[in-house]
Amino acid sequence: MDLLALADFNLVARHEGFGRAARAASRPKATLSRRVAELEASLGLRLFERGARVLRLTQEGRALYERTGRLLAELDEAAVAMASGVDRPRGRLRISAPLLFSQTAMGRLAAEFALKFPEVRLDVTTEDRAVDMVEEGYDLVIRVNPDPDESLVGRVFLNDRLVVVAPPALGRPFDGSPVPAVLRGSSGPDGAWVVRTPTGTSRIVVDPVLRLSSLLMVRDAVRAGVGAARLPVSLVGHDLKAGRLVLWGDVEGPDISLWTLYPSRRLLSARVSAFLDHMKAAFPQGTPEELGAYIEA
């Protein structure tokens with residue numbers, strides 16, 4: 001495949017038109033049109049639907065643009081880095097991160113990274129859904145206990161665990177009586193919680209008195225004395241140490257693992273590598289205590 005023709009195709013696709021692409025690159029419009037036509041002929045595919053006023057990517061054109069646009073951008077970045085003699089992180093870095101981690105830690109992490117690497121334009125989106133990295137143009141995603149994905153590689157950078165906590169004034173009953181509970185979301189395990197304690201496993205029967213959409217809201221409600229709740233230990237560690245909350249036990253089940261994920265390519269961009277190193281420096285051991293200290297600092 002002709003890389004120069006491919007680069008011209010990406011230029012036209014990015015600017016959504018031959019005229020706009022020609023003006024942006026100071027290139028003749030006729031040259032761009034010819035190069036794209038040659039690429040279509042070599043592939044045996046129509047990459048654009050050409051109308052009187054509208055130019056649209058075909059399905060095949062969209063697939064080619066999504067698969068090659070970022071690779072060409074990385075080649076340009078590598079060439080600039082080699083010309084300058086230093087492989088400095090630069091360019092746009094798009095990250096998707098889950099809600100709770102974004103609310104508690106991502107703002108500070110992003111600010112520290114921006115100060116360290118001023119040539120990187122960091123763009124962080126907060127959402128809990130599983131985004132399509134290639135389709136939506138993300139360089140890196142942070143996810144909690146993600147499902148296996150052969151197209152992505154990554155690493156665990158933090159571990160956490162759920163615990164049941166309560167205000168000190170709320171005594172834990174041991175006769176099976178229900179306790180007032182604050183739950184996250186409109187549905188969930190509202191019958192009983194199974195917890196581990198030094199003396200063994202036990203059940204806590206719960207009576208949901210409040211349902212909230214955010215774990216931060218749940219924590220604040222428990223602090224206010226409404227009832228007990230299941231929360232990450234990193235979020236309530238300081239409250240437990242200060243005596244504002246008491247621990248009733250660890251929630252039975254798998255621990256929480258936070259992953260950084262990126263497309264499985266042999267060459268990782270300097271900006272993604274730099275952010276991964278930044279996360280490792282912030283949480284060298286990856287423990288809940290480190291996250292709690294970072295949040296409270």
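Author: Happy to! One term before we start: a residue is called buried under 20% relative accessible area, exposed over 50%, and partly exposed in between. Also keep in mind that this is a predicted model.

Reader: Good to know. So is Glu16 buried or exposed?

Author: Glu16 has a relative accessible area of 55%. Since exposed means over 50%, Glu16 counts as exposed.

Reader: And where is Glu16 found?

Author: Look at the loop between helix H1 (3-15) and helix H2 (18-25). The backbone there has something to notice: phi of Glu16 is near 60 degrees, a positive value in a residue other than glycine.

Reader: Nice. What is phi of Asn145?

Author: Phi of Asn145 is near 45 degrees, which is again a positive value in a residue other than glycine. You'll find Asn145 in the loop between S5 and S6. With a relative accessible area of 38%, Asn145 is partly exposed.

Reader: Let's switch to helices. At what angle do H5 and H9 pack?

Author: Helix H5 (residues 99-116) and helix H9 (residues 270-282) pack at about 120 degrees, and their axes are 11 Å apart. That angle makes H5 oblique to H9. The crossing of H5 past H9 is right-handed.

Reader: Which residues in H5 and H9 meet?

Author: From H5 come Phe101, Met106, Leu109, Glu112, Phe113 and Lys116; from H9 come Arg271, Ala274, Phe275, His278, Met279 and Ala282. By type, the residues of this contact divide into eight nonpolar, one polar and three charged.

Reader: How about H7 and H8, how do those cross?

Author: The axes of H7 and H8 come within 11 Å and cross at roughly 20 degrees. The two helices are therefore roughly parallel to each other. H7 passes H8 in a right-handed crossing.

Reader: And what touches what between H7 and H8?

Author: Leu215, Leu216, Arg219 and Arg223 in H7 meet Leu235, Val236 and Asp239 in H8. The residues of that contact split into four nonpolar, no polar and three charged.

Reader: What about H8 and H10, at what angle do their axes cross?

Author: Here the axes of helix H8 (residues 233-242) and helix H10 (residues 288-296) cross at roughly 70 degrees and come within 8 Å. That makes H8 roughly perpendicular to H10. On the H8 side the contact is made by Val233, Ser234 and His238, and on the H10 side by Pro288, Leu291, Gly292, Ala293, Ile295 and Glu296. Those residues divide into five nonpolar, three polar and one charged.

Reader: Time to go inside! Which residues of the largest nonpolar core touch the most other members?

Author: That core has 25 residues, and Phe101, Leu109, Ile142, Phe157, Phe275 and Phe283 touch the most other members. Several elements each supply at least two residues of this core, among them strand S3 (91-97), H5, strand S6 (152-160), H9 and H10.

Reader: Can we zoom in on one? What does Ile142 touch?

Author: Leaving out residues up to four places away in sequence, Ile142 touches Ile95, Ser96, Ala97, Pro98, Phe101, Met106, Phe157, Trp259, Thr260 and Met279. There is also a second, separate core of 17 residues, which includes Phe9, Leu11, Phe18 and Ala21.

Reader: New topic: where is Thr58, and which residues is Thr58 in contact with?

Author: Thr58 sits in the loop between strand S2 (55-57) and helix H4 (59-84). At 8% relative accessibility, Thr58 counts as buried. Apart from neighbours within four places in sequence, Thr58 is in contact with Arg46, Leu47, Phe48 and Glu49. Thr58 and Ala13 are 45 residues apart in sequence and 11 Å apart in space, C-alpha to C-alpha.

Reader: One more threonine, please. What does Thr197 touch?

Author: Not counting residues up to four places away in sequence, Thr197 touches Arg172, Trp248 and Gly249. Thr197 is found in strand S9 (residues 192-197) and is partly exposed, with a relative accessible area of 22%. From Thr197 to Leu247 there are 50 residues in sequence and 9.5 Å in space, C-alpha to C-alpha.

Reader: Last one: how far apart are Asp220 and Trp193?

Author: Asp220 and Trp193 are 20 Å apart in space, C-alpha to C-alpha, and 27 residues apart in sequence. Asp220 lies in helix H7 (residues 215-223), and at 39% relative accessibility Asp220 counts as partly exposed.

Key: Residues are numbered from 1 along each chain as its sequence is written. This is a predicted model: local features need pLDDT of at least 70, side-chain atom pairs count only at pLDDT 80 or more; totals for chains, interfaces and linings use all residues. Side-chain values use heavy atoms; hydrogens and water are left out. Axes are lines fitted to C-alpha atoms, for helices over the stretch in contact, and angles run from 0 to 180 degrees between N-to-C directions. Helices (H or I, at least four residues) and strands (E, at least two) are DSSP runs, numbered from the N terminus. Angles under 35 degrees count as roughly parallel, over 145 as roughly antiparallel, 65 to 115 as roughly perpendicular and the rest as oblique. A crossing is left-handed if the near helix is turned anticlockwise from the far one by less than a right angle, and right-handed if clockwise. Contact means heavy atoms within 4.5 Å. Ala, Val, Leu, Ile, Met, Phe, Trp, Tyr, Cys and Pro count as nonpolar, Asp, Glu, Lys and Arg as charged, and the others, Gly among them, as polar. A nonpolar core is a set of buried Ala, Val, Leu, Ile, Met, Phe, Trp, Tyr and Cys residues joined through side-chain atoms within 4.5 Å. Buried means under 20% relative accessible area, exposed over 50%, partly exposed in between (1.4 Å probe, protein chains only).
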